[in-house]
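Colleague: I would like to learn how to read a sheet and the helices around it. Can you take me through this case?

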Amino acid sequence: GAIIGPLDKDKVADLKMINKRTIPVIALNKIEGTNHNIFSFSLNPEAELTQLASLAWLKGHQNVLILSPKTLYGERLATHFANTWQQLGGTVLDVESYTANQTDYSSPIKKVLNLDQSNNRFKTLRNRLNLNINFEERRRQDANFIFLIASPREGRLIKPQLRFFRAAKLPVYSTSKIYSAKPNKAADTDLNGIYFCDMPSLIDPNDDKTLDANKLTHHWPSLNGSYQRLFRLGLDAYQLIPHLNRLNTNSFARLSGETGILSIGQDKNINRQLSCATFTNGASTTTGLAPQLEKTNTIQMIRKPSSSPTNSKTTPL
């Protein structure tokens, strides 16, 4: 048997003060450091972003533009993605933030795409020549993709505005929060082309499981968004109990769960290998498992970029 919980981060931290723990505990939040008989199982967004960055890197991208909400959460994730991307050997060209709950995001979009500089060059040239010149805005050409941190609402507004500002061909990668966790083709058509990584049971609800979260949640029709993900976290915690010893003693052992392919690291963290997807015709379409590579130099060797990165580091992912 095992104890599942608590969920609150402060309560989880209190567990470390208990010296004698004969029963394994699956704590539903992140714990720093190795702890005897306490396993940390959480929806850690940083771990998700590491897999997303690995996916973008293996697709051959080099230079990223980051667009994030002007919040502590947005700043935290933008910083983590930027650091991870630089460790992989990539380049962060620019980071811009936007104010959430707006309808017009043209200002931060124009800044991150350098359209403001394009306008300024035009005005300078027009004033110097004193001529009526035809002008067409031109976005920066050195970016390979955009990393966007956004809710479904913001994403449905920002993606079409990126297209309007001539960035339709610039790939966009986002966090799992871009997906509402419920199919909505009419609304999610505006998210077409965005890549993200999420729980396999949300991306591919037809995938057969021993305990099907989709069948269980029909009793709670209002269960959506983050609650859908928390529900699956609890379900996997329950399914982990008989497998804890096997996963803990064998670094190659895996368990296919609702939240991902599960394994246990030396730090007692329960790791989740996610599935990745893209929006096609308003629906999430799986593209395969997220990369799970242990070191950045391994990723670099596999990708073999055309130009050798100068800021590469050998850092565990």
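Colleague: Which residue of β12 is the bridge partner of F196?

Modeller: In general, strands of a sheet pair through backbone hydrogen bonds, either parallel or antiparallel. Here the bridge partner of F196 is A277 in β12. Four bridges join β8 to β12, and the two run antiparallel. Two strands count as paired if DSSP finds at least two bridges between them. Strands themselves are DSSP runs (E, at least two residues), as are helices (H or I, at least four), numbered from the N terminus. The model is predicted: local features need pLDDT of at least 70, side-chain atom pairs count only at pLDDT 80 or more, and totals for chains, interfaces and linings use all residues. Residues are numbered from 1 along each chain as its sequence is written, and side-chain values use heavy atoms, with hydrogens and water left out.

Colleague: What stands opposite A277 in β13?

Modeller: T286 does. β12 and β13 pair over six bridges, in the antiparallel sense. They form a hairpin with two residues between them. In that turn, N281 has a positive phi of about 55 degrees.

Colleague: How do I read burial, and how many residues of β12 are buried?

Modeller: Buried means under 20% relative accessible area, exposed over 50%, partly exposed in between (1.4 Å probe, protein chains only). Five of the six residues of β12 are buried, so by that cut-off the strand is mostly covered. Across the protein, buried residues make up 48% of 317.

Colleague: What is the strand order in the open sheet?

Modeller: Seven strands, in the order β5-β4-β6-β7-β8-β12-β13, with mixed pairing. The edges are β5 (91–98) and β13 (283–289), each pairing on one side only. Neighbouring strands are turned by 25 degrees against each other on average, direction ignored. For a parallel pair, take β7 (residues 172–174) and β8 (residues 194–198), joined by two bridges. Y173 stands opposite Y195 in β8.

Colleague: Which strands does α2 touch?

Modeller: Contact means heavy atoms within 4.5 Å. α2 packs on the sheet and touches β6 (145–148), β7, β8 and β12 (275–280). Its direction makes about 135 degrees with that of β8. Axes are lines fitted to C-alpha atoms, for helices over the stretch in contact, and angles run from 0 to 180 degrees between N-to-C directions. Helix α3 (residues 72–88) lies across β4 (63–69), β5 and β6, at about 170 degrees to β4.

Colleague: What span does α2 reach, and what is expected?

Modeller: The expected span is 1.5 Å times one less than the number of residues. α2 (residues 45–58) has 14 residues and reaches 20 Å from its first C-alpha to its last, close to the 20 Å expected.

Colleague: Why is α2 largely enclosed?

Modeller: Because 12 of its 14 residues are buried, the rest of the structure largely encloses α2. Among the buried ones are P45, L49, L52 and W57.

Colleague: What happens at the ends of α2?

Modeller: N44 caps the N-terminal end, with a side-chain oxygen 3.2 Å from the backbone nitrogen of E46. Just after the helix, G60 takes a positive phi of about 95 degrees.

Colleague: Last, a loop residue. Is N269 buried or exposed?

Modeller: N269 is buried, with a relative accessible area of 12%. N269 sits in the loop between β10 (261–264) and β11 (270–273). Not counting residues up to four places away in sequence, N269 touches K30, I31, S40, S263 and I264.

Conventions:
A polar contact is a pair of N or O atoms within 3.5 Å; within protein, one must be able to donate a hydrogen and the other to accept it, and residues adjacent in sequence count only if both atoms are side-chain atoms.
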